[in-house]
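Dear colleague,

I am passing on the structure we spoke about, together with some notes on what was found in it. Please read the notes with the coordinates open beside them.

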Amino acid sequence: FFLLVSSQTLFAEEASWTYTETNNVPNGTSKGSITDGVWTFYVERAKGSEKELTVKASKGVSINTEALAKIDFTKINDGFKVVAFYGWRNASSPLCKYVTEFIAPHCTTFGGEDTFSGNTNLTRVEFCKDEPLNISSVNRCFLSCVNLVDFRPRQIKGSVGSMFNNCSNLEGGFEIEGNGGTPSGVFAGCAKLGEIKLKNIDTFSEYAFSGCTSLSNIVYDTPIANIGNHAFKNCTKITTEFVQSLLGKNLVRWGNDMKNREGCFVGCTGLTGTIVIDLPNLVTNVVPKSC
């Protein structure tokens with residue numbers, strides 16, 4: 001009796017990427033491409049960067065199959081590493097809809113508006129393992145990626161835009177270091193989002209955490225000066241103590257502006273007891289309607 005088992009099934013390795021340098025510019029940026037046989041990307045290698053590659057998908061990306069396929073930059077020939085990735089726009093290049101997982105363990109910099117917007121097949125994203133991810137121009141990057149569950153790292157530096165808007169199955173917490181405020185709707189609709197830690201952020205913009213029904217607390221190190229409309233709409237688990245901490249002497253604007261202020265805490269059914277409103281620095285002492 002002989003049992004034949006495919007070794008490919010049991011011992012298959014992740015595909016290795018092949019880097020080809022097609023334009024070596026003396027004293028400047030070298031250009032080329034990398035491919036794993038399924039995905040092909042345009043890349044650049046800066047002068048003196050040795051083995052470090054920057055993928056610029058907006059300049060060229062192709063896929064040779066119509067089946068779903070993950071992108072995994074873990075293994076590249078001759079020891080090259082992808083350290084930066086700038087994505088393609090969903091509206092102009094629908095190829096991103098085929099991505100199920102995006103793994104780039106050496107990538108510390110990520111950018112690109114709308115990169116995976118609307119991709120309902122995406123379940124996992126993993127960038128650098130041991131340091132924060134630097135981001136830029138990532139507005140709507142994962143908009144409505146409703147099956148995205150696992151995103152790493154959880155430490156992010158930069159302006160997050162509405163990066164995770166309507167990622168309804170995204171789990172866990174995040175630590176975000178910004179410069180100013182949380183953009184409009186950054187985590188709106190993230191019903192499974194856990195604790196949030198913020199650094200250098202003094203504004204909760206409109207709809208920032210709207211619909212985050214699992215969110216009970218936000219830890220912040222900078223006094224909050226502005227709370228936008230519907231910022232915590234239907235956050236059913238935030239506490240009276242948290243809301244009370246926001247409504248203090250540092251608050252300058254409550255609502256979007258003097259003529260448009262509404263619904264900041266509407267639907268926050270977990271609030272009980274007494275809240276003292278003492279806002280000496282508020283532009284006008286007006287509680288937003290439907291608050």
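Which residues of the largest nonpolar core touch the most other members? Before the answer, a word of care: this is a predicted model, in which local features need pLDDT of at least 70 and side-chain atom pairs count only at pLDDT 80 or more, while totals for chains, interfaces and linings use all residues. Residues are numbered from 1 along each chain as its sequence is written, and side-chain values use heavy atoms, with hydrogens and water left out.

The residues are Phe 41, Phe 142 and Phe 232, in a core of 77 residues; such a core is a set of buried Ala, Val, Leu, Ile, Met, Phe, Trp, Tyr and Cys residues joined through side-chain atoms within 4.5 Å, where buried means under 20% relative accessible area, exposed over 50% and partly exposed in between, with a 1.4 Å probe and protein chains only. Strand β15 (residues 193-204) gives the most to this core, namely 5 residues; strands (E, at least two residues) and helices (H or I, at least four) are DSSP runs numbered from the N terminus. Leaving aside neighbours within four places in sequence, Phe 41 has contacts (heavy atoms within 4.5 Å) that include Trp 17, Ile 34, Val 55, Phe 73, Phe 85 and Trp 88.

The structure also holds 34 aromatic pairs, that is, rings of Phe, Tyr and Trp (its six-membered ring) with centres within 6.5 Å, counted as stacked if the planes are under 30 degrees apart, edge-to-face if over 60 and tilted otherwise. One of them is the tilted pair of Phe 110 and Phe 127, at 4.9 Å centre to centre and 45° between the planes. Because Phe 110 lies in strand β9 (residues 109-111) and Phe 127 in the loop between β10 (124-126) and β11 (133-136), this pair ties together parts that are 17 residues apart in sequence, and both residues are buried. Phe 151 and Phe 164 form an edge-to-face pair, with 5.1 Å between centres and 85° between planes; Phe 151 is in strand β12 (residues 150-152), whereas Phe 164 is in the loop between β13 (155-157) and β14 (172-182), 13 residues apart. Phe 151 and Phe 164 are buried too.

Finally, Asn 229, found in the loop between β17 (226-227) and α2, counts as buried at 2% relative accessibility. Not counting residues up to four places away in sequence, Asn 229 touches, among others, Glu 206, Tyr 207, Arg 261 and Cys 264.

Best regards
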